[in-house]
Amino acid sequence: MYSILYERIQLSIQNLPFSPPSFTKEEEEAVLDCVKSKWVGTGPKTIDFEKKFASYKEVKYAAALSSCTSALFLSLKALGIQEGDEVITTAMTFCSSVNVIMHCGAKPILCDIDLYSKNIDVNQIEKLITSKTKAIIPVHYAGFPCQMNKIMEVASEYDLYVVEDCAHAIESKLNHQHCGTFGDIGCFSFYATKNIAIGEGGMAISNHESLVSKVRMLGLHGLSRDAWKRFESSNRKSYDVIDIGYKMNLTDIQSAIGIVQLKRLGEMRKRRKEIWDFYNENLQKYNLELPNLPKDKGSVHALHLYTIGLPPSIDRDQFVWQASHEYGITLGIHYKSINTFSIYKKILPNYEPKTSLPVSFDWGNRTISLSCSGGTSETHCERVLDTIKKLLN
Ligand SMILES: Cc1ncc(COP(=O)(O)O)c(C=O)c1O
């Protein structure tokens, strides 16, 4: 009783982070077990996490990696994306989806977004395709499933690879099919604020065994067999180095947390749904653009980010600054349109900030995200709401 009261008082005065994770005794014990086992690198827990995640996503293969960025990068590498190639992606995404294209030596081609879902505008993809286009990276923004049927139609017509950025889309589905299983490969994030939070981590999933094997091999130095198999006493054989790989594997400590979080996915989603409904109900009467949900019955929104649009008259950056400095509330910005950041202005100069990608530009100037995670308490939500109301007034 006293501890609940103490927690409430603390929450009413302290600075509150954006979308804190939800951890229980089970996550703590899983980490402790792993430490006690003395196997803390990539090993049995990571293999188990891969199997369980693949089974949850109803897909054949999964490779656990250090982040979604690693998964995206290694997927493009495994598909042979290289200098001279072009890859189409949305302008409304985290810089990571664009940087991985650049790291392969290829050129990102930015597509504007659809007003309703804020996902890549499928009607604009075709006009961006050239003889150099090799792949499309759709991003299921906030957890809203992209129109994958249309994207796959275009990809098949022009013989393009599709790498799904599912950083927000662990539970997302379209027509009853899991996001991440439409394209060649799907990439997930387990960063601290994500629907499964393990600190840092990612997963690449696919029904193509050779693709997932290549991603895994490239993520572990290009070795012919992974460290777990190398050190397993029954399998002490020498290994070969078959490619110039990277070091992007996931550890058993992180996987141990991931296994518990995956099991708790339904329970954490239930909490996010309560938060979603609370914000919807209480923000309805204000001049705000509230998040949309897919209209078709077979689709599932992952409820990852509760993103709202402020009226254009409000200075969004000032709003976010005040929320943090005056009220101790951290809001998210997902995202400024990619073409407005200084590095991309320099290297992708042909995008005029305001007019080339108008929908993305407008949304990128107005959007804020409110804390919405399994670990966001009722007091936290009330303070977020109170802050929004005060700042709007
Ligand atoms: C849309 C999107 N793609 C990729 C990433 C990269 O994920 P990670 O931090 O796991 O590398 C993020 C991270 O927030 C993201 O939001």
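Residue numbers start from 1 along each chain as its sequence is written. As the model is predicted, local features are given at pLDDT of at least 70 and side-chain atom pairs count only at pLDDT 80 or more, while totals for chains, interfaces and linings use all residues.

We can begin with the overall division. Across the boundary, 34 residues of domain 1 are in contact with 31 residues of domain 2, contact meaning that the C-beta atoms of two residues, placed from the backbone, lie within 7 Å. On the side of domain 1 that touches domain 2, two or more residues come from each of α5 (95–103), β3 (107–111), β6 (173–174) and α9 (252–263); here helices (H or I, at least four residues) and strands (E, at least two) are DSSP runs, numbered from the N terminus. Helix α9 gives the most to this side, with 4 residues.

The interior comes next. In soluble globular proteins, nonpolar side chains tend to be buried together. The largest nonpolar core holds 104 residues, of which L76, A135, M203 and A204 touch the most other members. Such a core is a set of buried Ala, Val, Leu, Ile, Met, Phe, Trp, Tyr and Cys residues joined through C-beta atoms within 7 Å; a residue is buried if 20 or more other C-beta atoms lie within 10 Å of its own, exposed if 12 or fewer, and partly exposed in between. Helix α4 (residues 68–78) supplies the largest share of this core, 7 residues. Both domain 1 and domain 2 contribute, with at least three residues drawn from each. Leaving out residues up to four places away in sequence, M203 touches F53, A62, A63, A64, L65, A71 and F188.

Strand β1 runs antiparallel to β9 (residues 202–206), to which 5 bridges join it; two strands pair if DSSP finds at least two bridges between them. Within this pair, Y61 stands opposite S206.

Two helices show a buried side. In α5, the buried residues are S97, V98, V100 and I101. They cover an arc of only 155° around the axis, so they sit on the same side of α5; the arc is that of the directions from the helix axis to the C-beta atoms. Their cover includes α4, β2 (86–90), β3, β4 (133–137) and β5 (161–165). Just after α5, G105 takes a positive phi of about 90°.

Helix α10 (residues 265–283) has 19 residues that should span 27 Å at 1.5 Å a residue, and its end C-alpha atoms are 27 Å apart, in agreement. That expected span is 1.5 Å times one less than the number of residues. Buried in α10 are M268, R272, I275 and Y279. They cover an arc of only 60° around the axis, which puts them on the same side of α10. On the other side, G266, E267, K270, D277 and E281 are exposed. The cover over the buried residues of α10 includes β10 (306–309), β11 (367–370) and α14 (378–392).

Some backbone details deserve a look. Most residues other than glycine have a negative phi, and most peptide bonds are trans. K38, in the loop between α2 (25–37) and α3 (44–57), has a positive phi near 70° and is exposed, with 6 other C-beta atoms within 10 Å. E58 lies in the loop between α3 and β1; its phi is near 55°, and with 11 C-beta neighbours inside 10 Å it counts as exposed. The peptide bond from H334 to Y335 is cis, with omega near -5°, and Y335 is found in the loop between α11 (316–327) and α12 (342–347).

Terms used:
Domains from an automatic or database assignment.
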